[in-house]
Amino acid sequence: MGGQGGQPVPITGLEAVRGKRLIVGVTGGIAAYKTAMVVSRLAQAGAEVTVAMTDAATRFVTPLTFQALSARPVYTSAWEHVESKDPQHISLADKADAAIVAPCTMDCMAKLATGRTDDVVCLILSAVDRTKTPVLLAPSMNNVMWAQPSTRRNLKTLVEDGFRIIGPGEGWQACRHVGTGRMAEPEVILAAVAEAVGSGEGGRPELRGSRARN
Ligand SMILES: Cc1cc2nc3c(=O)[nH]c(=O)nc-3n(C[C@H](O)[C@H](O)[C@H](O)COP(=O)(O)O)c2cc1C
(Lines give C-alpha, C1' and ligand atoms only; values in the text may rest on other atoms or scores of the structure.)
Protein backbone atom coordinates (compact mmCIF):
# COMPACT_ATOMS: atom_id res chain seq x y z
CA MET A 1 0.00 0.00 0.00
CA GLY A 2 3.02 2.27 -0.03
CA GLY A 3 2.84 5.20 -2.40
CA GLN A 4 5.69 7.19 -3.90
CA GLY A 5 8.23 8.54 -1.43
CA GLY A 6 6.82 6.40 1.39
CA GLN A 7 3.49 8.26 1.37
CA PRO A 8 0.45 6.02 1.81
CA VAL A 9 -1.79 5.63 -1.23
CA PRO A 10 -4.75 8.02 -0.76
CA ILE A 11 -8.08 6.31 -0.06
CA THR A 12 -11.07 8.25 -1.35
CA GLY A 13 -13.24 9.47 1.50
CA LEU A 14 -11.02 8.15 4.30
CA GLU A 15 -11.24 11.52 6.05
CA ALA A 16 -14.77 10.45 7.04
CA VAL A 17 -13.31 8.23 9.77
CA ARG A 18 -11.73 11.15 11.63
CA GLY A 19 -13.13 11.30 15.16
CA LYS A 20 -15.02 8.04 14.76
CA ARG A 21 -14.83 5.21 17.23
CA LEU A 22 -14.18 2.01 15.35
CA ILE A 23 -13.96 -1.57 16.58
CA VAL A 24 -11.70 -3.84 14.54
CA GLY A 25 -12.21 -7.53 15.28
CA VAL A 26 -9.42 -9.83 14.17
CA THR A 27 -10.03 -13.57 13.89
CA GLY A 28 -7.67 -16.43 13.18
CA GLY A 29 -6.92 -16.23 9.49
CA ILE A 30 -3.62 -15.94 7.73
CA ALA A 31 -4.69 -12.54 6.35
CA ALA A 32 -4.51 -11.03 9.87
CA TYR A 33 -1.19 -9.42 8.94
CA LYS A 34 -3.01 -7.25 6.40
CA THR A 35 -5.29 -5.93 9.14
CA ALA A 36 -2.28 -4.23 10.70
CA MET A 37 -2.26 -1.94 7.66
CA VAL A 38 -5.99 -1.31 7.98
CA VAL A 39 -5.61 -0.32 11.64
CA SER A 40 -2.59 1.86 10.92
CA ARG A 41 -4.38 3.77 8.17
CA LEU A 42 -7.52 4.26 10.27
CA ALA A 43 -5.43 5.58 13.16
CA GLN A 44 -3.51 7.89 10.80
CA ALA A 45 -6.79 9.21 9.52
CA GLY A 46 -7.80 10.21 13.05
CA ALA A 47 -10.11 7.37 14.08
CA GLU A 48 -10.09 5.94 17.58
CA VAL A 49 -9.53 2.27 16.83
CA THR A 50 -10.13 -0.47 19.38
CA VAL A 51 -8.88 -3.88 18.32
CA ALA A 52 -10.34 -7.13 19.68
CA MET A 53 -8.71 -10.45 18.86
CA THR A 54 -9.74 -14.08 19.19
CA ASP A 55 -7.27 -16.56 20.67
CA ALA A 56 -6.61 -17.91 17.20
CA ALA A 57 -5.89 -14.42 15.86
CA THR A 58 -3.14 -13.94 18.44
CA ARG A 59 -1.35 -16.93 16.88
CA PHE A 60 -0.96 -14.97 13.66
CA VAL A 61 -0.23 -11.40 14.81
CA THR A 62 0.57 -10.28 18.35
CA PRO A 63 -1.73 -7.95 20.28
CA LEU A 64 1.33 -5.71 20.74
CA THR A 65 1.36 -4.95 17.01
CA PHE A 66 -2.21 -3.69 17.13
CA GLN A 67 -1.64 -1.90 20.42
CA ALA A 68 1.28 0.01 18.92
CA LEU A 69 -0.59 0.87 15.73
CA SER A 70 -3.82 1.93 17.42
CA ALA A 71 -2.22 3.45 20.54
CA ARG A 72 -5.06 1.75 22.43
CA PRO A 73 -5.45 -1.33 24.61
CA VAL A 74 -6.23 -4.51 22.68
CA TYR A 75 -9.05 -6.75 23.89
CA THR A 76 -8.14 -10.43 23.86
CA SER A 77 -10.44 -11.79 26.55
CA ALA A 78 -14.02 -11.31 27.62
CA TRP A 79 -12.97 -11.84 31.22
CA GLU A 80 -10.21 -9.30 31.55
CA HIS A 81 -11.58 -5.81 32.06
CA VAL A 82 -9.30 -3.41 30.27
CA GLU A 83 -11.00 -0.03 30.48
CA SER A 84 -14.52 -0.12 31.80
CA LYS A 85 -16.03 -1.02 35.17
CA ASP A 86 -19.25 -1.86 33.32
CA PRO A 87 -19.38 -4.95 31.13
CA GLN A 88 -16.79 -3.78 28.64
CA HIS A 89 -18.30 -5.43 25.59
CA ILE A 90 -21.46 -3.40 26.11
CA SER A 91 -19.71 -0.07 26.59
CA LEU A 92 -17.45 -0.64 23.58
CA ALA A 93 -20.40 -1.64 21.41
CA ASP A 94 -22.55 1.28 22.61
CA LYS A 95 -19.91 3.87 21.73
CA ALA A 96 -18.86 2.46 18.36
CA ASP A 97 -19.58 4.28 15.10
CA ALA A 98 -18.78 1.12 13.12
CA ALA A 99 -17.27 -2.31 13.57
CA ILE A 100 -15.19 -4.34 11.15
CA VAL A 101 -14.07 -7.97 11.35
CA ALA A 102 -10.99 -8.57 9.21
CA PRO A 103 -10.15 -11.27 8.56
CA CYS A 104 -13.46 -12.94 9.29
CA THR A 105 -12.90 -16.69 9.46
CA MET A 106 -15.29 -19.42 8.39
CA ASP A 107 -15.66 -20.12 12.10
CA CYS A 108 -16.50 -16.51 12.95
CA MET A 109 -19.07 -16.35 10.15
CA ALA A 110 -20.72 -19.46 11.58
CA LYS A 111 -20.75 -18.00 15.09
CA LEU A 112 -22.18 -14.66 14.01
CA ALA A 113 -24.82 -16.36 11.87
CA THR A 114 -25.99 -18.38 14.84
CA GLY A 115 -25.61 -15.82 17.61
CA ARG A 116 -22.66 -17.46 19.39
CA THR A 117 -20.76 -15.21 21.80
CA ASP A 118 -17.99 -17.37 23.23
CA ASP A 119 -15.06 -15.25 22.10
CA VAL A 120 -14.41 -11.57 22.71
CA VAL A 121 -14.95 -10.52 19.07
CA CYS A 122 -18.35 -12.19 18.74
CA LEU A 123 -19.31 -11.05 22.24
CA ILE A 124 -18.64 -7.38 21.42
CA LEU A 125 -20.46 -7.68 18.10
CA SER A 126 -23.45 -9.29 19.80
CA ALA A 127 -23.99 -5.98 21.62
CA VAL A 128 -23.76 -3.77 18.52
CA ASP A 129 -27.15 -2.56 17.31
CA ARG A 130 -26.81 -2.95 13.55
CA THR A 131 -29.86 -0.78 12.89
CA LYS A 132 -27.70 2.16 14.02
CA THR A 133 -24.11 1.00 13.71
CA PRO A 134 -22.72 -0.65 10.58
CA VAL A 135 -20.91 -3.97 11.05
CA LEU A 136 -18.66 -4.99 8.16
CA LEU A 137 -17.19 -8.44 7.69
CA ALA A 138 -14.21 -9.21 5.44
CA PRO A 139 -14.31 -12.99 5.02
CA SER A 140 -11.02 -14.72 4.35
CA MET A 141 -10.55 -18.41 3.76
CA ASN A 142 -9.49 -21.12 1.38
CA ASN A 143 -11.65 -21.38 -1.76
CA VAL A 144 -13.06 -24.76 -0.75
CA MET A 145 -14.02 -23.42 2.70
CA TRP A 146 -15.69 -20.43 1.02
CA ALA A 147 -17.67 -22.77 -1.27
CA GLN A 148 -18.91 -25.05 1.53
CA PRO A 149 -22.69 -25.25 1.82
CA SER A 150 -22.39 -24.22 5.48
CA THR A 151 -20.50 -21.05 4.52
CA ARG A 152 -23.05 -20.29 1.77
CA ARG A 153 -25.88 -20.67 4.28
CA ASN A 154 -24.12 -18.56 6.89
CA LEU A 155 -23.34 -15.85 4.33
CA LYS A 156 -27.00 -15.65 3.33
CA THR A 157 -28.06 -15.40 6.98
CA LEU A 158 -25.47 -12.74 7.75
CA VAL A 159 -26.62 -10.58 4.82
CA GLU A 160 -30.25 -11.01 5.85
CA ASP A 161 -29.30 -10.07 9.41
CA GLY A 162 -27.81 -6.78 8.26
CA PHE A 163 -24.09 -7.49 8.26
CA ARG A 164 -22.22 -5.87 5.36
CA ILE A 165 -19.85 -8.17 3.51
CA ILE A 166 -16.62 -6.90 1.92
CA GLY A 167 -15.14 -9.25 -0.64
CA PRO A 168 -13.71 -11.78 -0.57
CA GLY A 169 -11.38 -11.41 -3.53
CA GLU A 170 -10.16 -13.92 -6.03
CA GLY A 171 -6.61 -15.03 -6.68
CA TRP A 172 -3.61 -16.51 -4.91
CA GLN A 173 -4.22 -17.98 -1.50
CA ALA A 174 -1.71 -18.75 1.23
CA CYS A 175 -2.65 -22.44 0.96
CA ARG A 176 -1.34 -22.25 -2.63
CA HIS A 177 -4.78 -22.55 -4.15
CA VAL A 178 -6.08 -20.01 -6.61
CA GLY A 179 -9.75 -19.12 -6.25
CA THR A 180 -12.27 -17.06 -4.33
CA GLY A 181 -11.74 -16.50 -0.63
CA ARG A 182 -8.74 -14.22 -0.13
CA MET A 183 -9.44 -11.25 2.09
CA ALA A 184 -10.28 -8.00 0.33
CA GLU A 185 -7.22 -5.76 0.06
CA PRO A 186 -6.73 -3.15 2.83
CA GLU A 187 -7.60 -0.32 0.40
CA VAL A 188 -10.96 -1.96 -0.34
CA ILE A 189 -11.70 -2.47 3.35
CA LEU A 190 -10.72 1.12 4.17
CA ALA A 191 -12.92 2.50 1.41
CA ALA A 192 -15.85 0.39 2.67
CA VAL A 193 -15.35 1.63 6.24
CA ALA A 194 -15.16 5.24 5.07
CA GLU A 195 -18.34 4.79 3.06
CA ALA A 196 -20.09 3.10 5.99
CA VAL A 197 -19.38 5.87 8.49
CA GLY A 198 -20.22 8.54 5.92
CA SER A 199 -18.88 12.05 5.76
CA GLY A 200 -20.87 13.58 8.67
CA GLU A 201 -19.22 15.51 11.47
CA GLY A 202 -19.93 12.86 14.11
CA GLY A 203 -17.40 11.34 16.43
CA ARG A 204 -15.33 12.75 19.24
CA PRO A 205 -14.31 16.39 18.68
CA GLU A 206 -10.94 15.91 20.40
CA LEU A 207 -9.96 13.32 17.81
CA ARG A 208 -10.96 15.33 14.75
CA GLY A 209 -7.67 17.21 14.58
CA SER A 210 -5.49 14.07 14.64
CA ARG A 211 -2.55 13.90 12.28
CA ALA A 212 -0.80 10.99 10.64
CA ARG A 213 1.46 9.21 13.09
CA ASN A 214 2.40 5.83 11.62
C1 LIG B 1 -1.99 -21.79 9.35
C2 LIG B 1 -3.49 -21.63 9.47
C3 LIG B 1 -4.12 -20.73 8.68
C4 LIG B 1 -5.51 -20.57 8.75
N5 LIG B 1 -6.11 -19.68 7.95
C6 LIG B 1 -7.47 -19.57 8.00
C7 LIG B 1 -8.13 -18.67 7.13
O8 LIG B 1 -7.51 -17.95 6.34
N9 LIG B 1 -9.47 -18.61 7.20
C10 LIG B 1 -10.21 -19.37 8.06
O11 LIG B 1 -11.43 -19.29 8.05
N12 LIG B 1 -9.60 -20.22 8.91
C13 LIG B 1 -8.25 -20.34 8.90
N14 LIG B 1 -7.63 -21.20 9.76
C15 LIG B 1 -8.42 -21.95 10.74
C16 LIG B 1 -8.80 -21.06 11.93
O17 LIG B 1 -7.64 -20.50 12.53
C18 LIG B 1 -9.58 -21.91 12.95
O19 LIG B 1 -10.81 -22.31 12.39
C20 LIG B 1 -9.82 -21.17 14.24
O21 LIG B 1 -10.51 -22.01 15.12
C22 LIG B 1 -10.59 -19.89 14.01
O23 LIG B 1 -10.89 -19.32 15.27
P24 LIG B 1 -11.56 -17.88 15.40
O25 LIG B 1 -12.66 -17.82 14.40
O26 LIG B 1 -12.06 -17.89 16.81
O27 LIG B 1 -10.51 -16.88 15.22
C28 LIG B 1 -6.25 -21.36 9.69
C29 LIG B 1 -5.57 -22.24 10.53
C30 LIG B 1 -4.22 -22.38 10.43
C31 LIG B 1 -3.53 -23.36 11.34
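Modeller: A residue is buried if 20 or more other C-beta atoms lie within 10 Å of its own, exposed if 12 or fewer, and partly exposed in between. The model discussed here is predicted.

Colleague: Is A68 buried, exposed or partly exposed?

Modeller: A68 sits in helix α2. Within 10 Å there are 16 other C-beta atoms. Burial takes 20 or more and exposure 12 or fewer, so A68 is partly exposed.

Colleague: How far apart in space are A68 and S40, C-alpha to C-alpha?

Modeller: S40 is one of the buried residues of α1, while A68 belongs to helix α2. In sequence A68 and S40 are 28 residues apart. Their C-alpha atoms are separated by 9.1 Å.

Colleague: What span should helix α1 have, and how far apart are its end C-alpha atoms?

Modeller: Helix α1 covers residues 32–44, which is 13 residues. At 1.5 Å a residue the span should be 18 Å. The distance between the end C-alpha atoms agrees with this, at 19 Å.

Colleague: Which residue with a positive phi follows α1?

Modeller: Helix α1 ends at residue 44. The residue in question comes after the helix and has a phi near 95 degrees. It is G46.

Colleague: Which helix gives the most to the shell around the ligand?

Modeller: The ligand is surrounded by 16 residues, and T27, G28, G29, A56 and T105 are the closest. By type, the shell has eight nonpolar, six polar and two charged residues. Three shell residues come from residues 106–114, which form helix α4.

Colleague: In β8, which residue is the bridge partner of W172?

Modeller: Strands β7 (residues 169–172) and β8 (residues 178–182) run antiparallel and are joined by four bridges. They form a hairpin with five residues between them, and R176 in the turn has a positive phi of about 70 degrees. Across this pairing, the partner of W172 is V178.

Colleague: Of the contacts between residues at least 6 apart in sequence, what percentage join residues at least 24 apart?

Modeller: The chain has eight helices and eight strands, and 47% of its 214 residues are buried. Among contacts between residues at least 6 apart in sequence, the share joining residues at least 24 apart is 77%.

Note on methods
Residues numbered from 1 in each chain as written. Predicted model: local features only at pLDDT ≥ 70, side-chain atom pairs only at ≥ 80, totals over all residues. Helix = DSSP H or I, 4+ residues; strand = E, 2+ residues; numbered from the N terminus. Contact = placed C-beta atoms within 7 Å. Near = placed C-beta within 6 Å. Nonpolar A, V, L, I, M, F, W, Y, C, P; charged D, E, K, R; others polar. Expected span 1.5 Å × (residues − 1). Pairing = 2+ DSSP bridges.
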